[in-house]
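Trainee: Please take me through this entry one question at a time, with the cut-offs stated.

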Amino acid sequence: MTSPLLTLSGVGKVFANGVEALSGIDLTVNRGEFLALLGASGCGKSTLLRLIAGLAEPTSGTVRWADAQHERSGRLGFVFQDPTLMPWASVADNVYLPLRLAGMSREDAKPRIEEALAAVDLGEFAGAMPRELSGGMRMRVSIARAVVTRPEILLLDEPFAALDEPTRFKLNEDLLHLWRRHKLTVIFVTHSVFESVFLAERVIVMKRRPGRIATEIAVPLPAERAAGLRMSAEFGALCRTVSERLALATEAAAA
Amino acid sequence: MNEKAPLGRLPRLLAPLVFGLLFLAVWEALVRVYAVPVYILPGPLLIARTLWTDGASLLGALWVTLRIAFAALAAAIVLGLGLAILMSRSRWIEASLLPYAVILQVTPIVAIAPLIIIWADDIFLSLLICAWLVAFFPIVSNTTLGLHSADRGLDDLFRLYKATPGQTLRYLQLPTSLPYFLAGLRISGGLALIGAVVAEFVAGTGGSETGLAFRILEAGYRLQIPRMFAALVLLALAGIVIYVALDRLSHLVLRRWHESALPKDR
């Protein structure tokens, strides 16, 4: 059933200032799975995501894609911690950017842009400027921009950390919907136990100094997840388990 | 009580107007009461009358000066943008060229103007070069700063989508640097005028096509002090018009997105 899309073996990263951010990361990401990278700040989760995206190179080990030629560009969407929109461009132009960089004309891109904006409920805001939108809406634009290239894999770096809770919950549900509908592979970086359990099929707990994988926990919840799930006993129990593992990993690193 | 409350539109226009009129009235009164000779300090009314009678000839001279200033500003925009873009392409080029741009900027124009006037055959060209030297730097330094100020996240995004250097320049760096460039342009507009006047002073050219600076010199030699003041008034007005025009331009270009041009009550 599951086939690996991406394999990391012995990946390590030492920054130019000598800080060892990651060490000995072995991880296989399967096609179509929703994976959460969970850990305290400074455990290298974002660095790991940047290595996968090709925004940084590992100092040791390898990042290998199953389909060697498909590497990154175009097949990969990235959502940053901040919406990182171009303030001078309209919502539609921001979403158009990846296609424009790939050389697609505006006419050809138009249906794709409309589709991406509709997928995040922003169809009516194509002409708006980023400053006219709320924080949650800006993040939606950022997600629309990431999916407009119809990527195979979507990487998200704590995208909802700065949003208020109702907005975050709503975006979590929307993201799950996108994932199921487009059969995406998702790697989601977060420091929230609840968010990781609600979203992911598999939670990778990381510890710091240097960043390593402490443990991984499967989340045996149904793929269809609705808001009510957060109130269930099963969800609570899973959160407790993940929380304990995270605390253990953090203590172990601090000791 | 509430001294920091923002002023309305009308008071903001009226306040400087009332102050200016008051100042002129006091000036006129003092000149009359103390019977100050015209060749020391003419009153505002006499200056206004001179502006009226000599206006046509002074406006012609102003046009000569403005032509130099505008040509210098245009050259500063083209070469300043060009150099800034060139320097943003490579840190090596920037490191090699920027010190010389700084040297040009810190060398007093009055000191090198005579040399330029000797080297350049054409007087218009030599004045143009002088004014350009003064106007050039703010555009280069501001635009260079702007080109380097692209958001880190957007920079990553462009790398992620394998943008070419040309695409990154066009869609990321140039829009980012626009507010910086416009701020430099507002400074350069005024400086181009000052540069043109200073160069004319140094050149001290006579003849038919003379600028306002030469008229000021000439009036000074002949002790036509009211005419000198009238020329100064014209020069100041031209400077204000240039500044306001560039300020409006900047506002128009940035009004949809940049903090500097957005209404404050949002």
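Predicted model: local features only at pLDDT ≥ 70, side-chain atom pairs only at ≥ 80, totals over all residues.

**Strands, domains and helix contacts**

Trainee: Which residue in the turn between strand 8 and strand 9 of chain A has a positive phi?

Mentor: Strands are DSSP runs of E with at least two residues, helices are runs of H or I with at least four, and both are numbered from the N terminus. Strand 8 and strand 9 of chain A make a hairpin with four residues between them. The turn residue with a positive phi, about 55°, is Arg209(A).

Trainee: What is the bridge partner of Leu8(A) in strand 4 of chain A?

Mentor: Strand 1 (residues 4-14) of chain A runs antiparallel to strand 4 of chain A, and five bridges join them. In strand 4, the partner of Leu8(A) is Val63(A).

Trainee: Which helix gives the most to the side of domain 1 of chain A that touches domain 2 of chain A?

Mentor: Chain A is divided into domain 1 (4-75 + 153-254) and domain 2 (85-150), with bounds from an automatic or database domain assignment. Between them, 11 residues of domain 1 are in contact with nine of domain 2, contact being C-beta atoms, placed from the backbone, within 7 Å. With five residues, the helix that gives the most is helix 5 (residues 165-182) of chain A.

Trainee: Which helix of chain B gives the most to the side that touches chain A?

Mentor: Here 14 residues of chain B are in contact with 15 residues of chain A. Helix 6 (152-160) and helix 7 of chain B each supply at least two residues of that side. The one that gives the most, with six residues, is helix 6 of chain B.

Trainee: Why is helix 4 of chain B called oblique to helix 7 of chain B?

Mentor: Angles under 35 degrees count as roughly parallel, over 145 as roughly antiparallel, 65 to 115 as roughly perpendicular and the rest as oblique. Axes are lines fitted to C-alpha atoms, for helices over the stretch in contact, and angles run from 0 to 180 degrees between N-to-C directions. Helix 4 (residues 109-119) and helix 7 (residues 165-203) of chain B have axes 9 Å apart, at an angle of about 60°. That angle makes helix 4 of chain B, relative to helix 7 of chain B, oblique.

Trainee: Which residues of helix 3 of chain B meet helix 2 of chain B?

Mentor: The axes of helix 2 (residues 44-89) and helix 3 (residues 91-106) of chain B come within 6 Å and cross at roughly 140°. These two helices are therefore oblique to each other. Leu83(B), Leu86(B), Met87(B) and Arg89(B) in helix 2 meet, in helix 3, Ile93(B), Glu94(B), Leu97(B) and Leu98(B).

Key:
Residues numbered from 1 in each chain as written. Chains lettered and ligands numbered in written order. Contact = placed C-beta atoms within 7 Å. Pairing = 2+ DSSP bridges.
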